[in-house]
Amino acid sequence: MSTKQAYVQVSGLRKHYGDGDARLTVLDGIDTSINRGEICVMLGPSGSGKSTFLNLIGGLEDADGGSIMVDGCALTVLKPTDLGEYRRRELGFVFQFYNLVPDLTIKENIEVTAHLSKNPLNVDDLLRSLGLYEHRNKFPRQVSGGQQQRCAIGRALVKNPGLLLCDEPTGALDYKTSKEILQLMEDVNRTYGCTIIIVTHNAAIARMANRVLRLRDGRIVEDGLNESPVAAAELDW
Ligand SMILES: Nc1ncnc2c1ncn2[C@@H]1O[C@H](COP(=O)(O)OP(=O)(O)OP(=O)(O)O)[C@@H](O)[C@H]1O
Ligand SMILES: [Mg+2]
């Protein structure tokens, strides 16, 4: 048993879409708790509710029931302005589809969120560690998909967030780039102690996690601690 403080505490979380015949229960009572500083990997088939779960934790959608506590604060009862403040202050979000601003350069896309943070990372240093420094003045359409994904990750990381939510961060990337991205996340986790939740289809990534959650049919069917996580560089698939 870990004695670390629970940082994200989810209890009885429920979410559905649609009504009547079209009603679809996506999350059917999710309970879990994630400790501060953990890397948590969530696995589950397509459509099992992984993005929905991240969106709820990120305060982007409302739950039907249950509660989400982050750092002792109950998101499910926050007013919209407080929720906005939570997203700005605490959260880095890497979306499944990058959502870069097309009219801003790679550097500007990252700078935009740096301004939201009280203790942002140095943008040029981050651009270098993302391998984007020489591409910093290009627009997203002028760089590769992997470079766009790195920029999206940079945009989330530059805030130096307490909680980093990553939806399929390597879904569109080749093997080598995927491993570089995972190593970067591992570095950030070690250096700054941020808590990271990674949603992925790739079961191999679970080996680098402290905690592995498996979602199926709206429920968590596995919630286990990994006593000896493997370094991202050692992953293979
Ligand atoms: N806004 C919405 N309105 C209606 N149904 C939705 C909405 N968003 C998601 N769904 C449905 O909820 C279910 C869960 O979707 P979600 O995006 O959370 O799955 P996922 O596990 O992230 O899948 P993937 O691995 O393909 O990204 C799916 O059946 C999806 O069609
Ligand atoms: Mg998804």
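Colleague: What makes you say that β6 and strand β7 pair, and in which sense?

Modeller: This is a predicted model, mind you. DSSP has to find at least two bridges before two strands count as paired. Strand β6 (residues 91–94) and β7 (residues 163–167) share four bridges in the parallel sense, so they pair by that rule.

Colleague: Which residues of β6 point which way, and are they buried or exposed?

Modeller: L91 and F93 go one way, G92 and V94 the other. In a regular strand, side chains alternate between the two faces of the sheet. All four residues are called buried because each falls under 20% relative accessible area.

Colleague: On to the ligand. How do you know that S51 makes a polar contact with ligand 1?

Modeller: An N or O atom in the S51 side chain is 2.9 Å from an oxygen atom of ligand 1. The cut-off is 3.5 Å, so the pair counts. Backbone N or O atoms do it too: G49 has one at 3.0 Å from a ligand oxygen, and S48 has one at 3.2 Å.

Colleague: How much of ligand 1 does the protein bury?

Modeller: 60% of the 650 Å² that the ligand exposes when taken alone.

Colleague: What surrounds ligand 1, and which element gives the most?

Modeller: There are 13 residues around it, with S46, G47, K50, S51 and T52 the closest. β2 (24–35) and α1 (50–57) each give two or more, and α1 gives the most, with three.

Colleague: How does that shell divide by residue type?

Modeller: Eight polar, four nonpolar and one charged. Gly counts as polar here.

Note on methods:
Residues are numbered from 1 along each chain as its sequence is written. Chains are lettered from A and ligands numbered from 1 in the order in which they are written. This is a predicted model: local features need pLDDT of at least 70, side-chain atom pairs count only at pLDDT 80 or more; totals for chains, interfaces and linings use all residues. Side-chain values use heavy atoms; hydrogens and water are left out. A residue is near a molecule or strand if one of its heavy atoms lies within 4 Å of it. A polar contact is a pair of N or O atoms within 3.5 Å; within protein, one must be able to donate a hydrogen and the other to accept it, and residues adjacent in sequence count only if both atoms are side-chain atoms. Accessible areas come from the Shrake-Rupley method with a 1.4 Å probe; for residues, only the protein chains shown count as cover. Buried means under 20% relative accessible area, exposed over 50%, partly exposed in between (1.4 Å probe, protein chains only).
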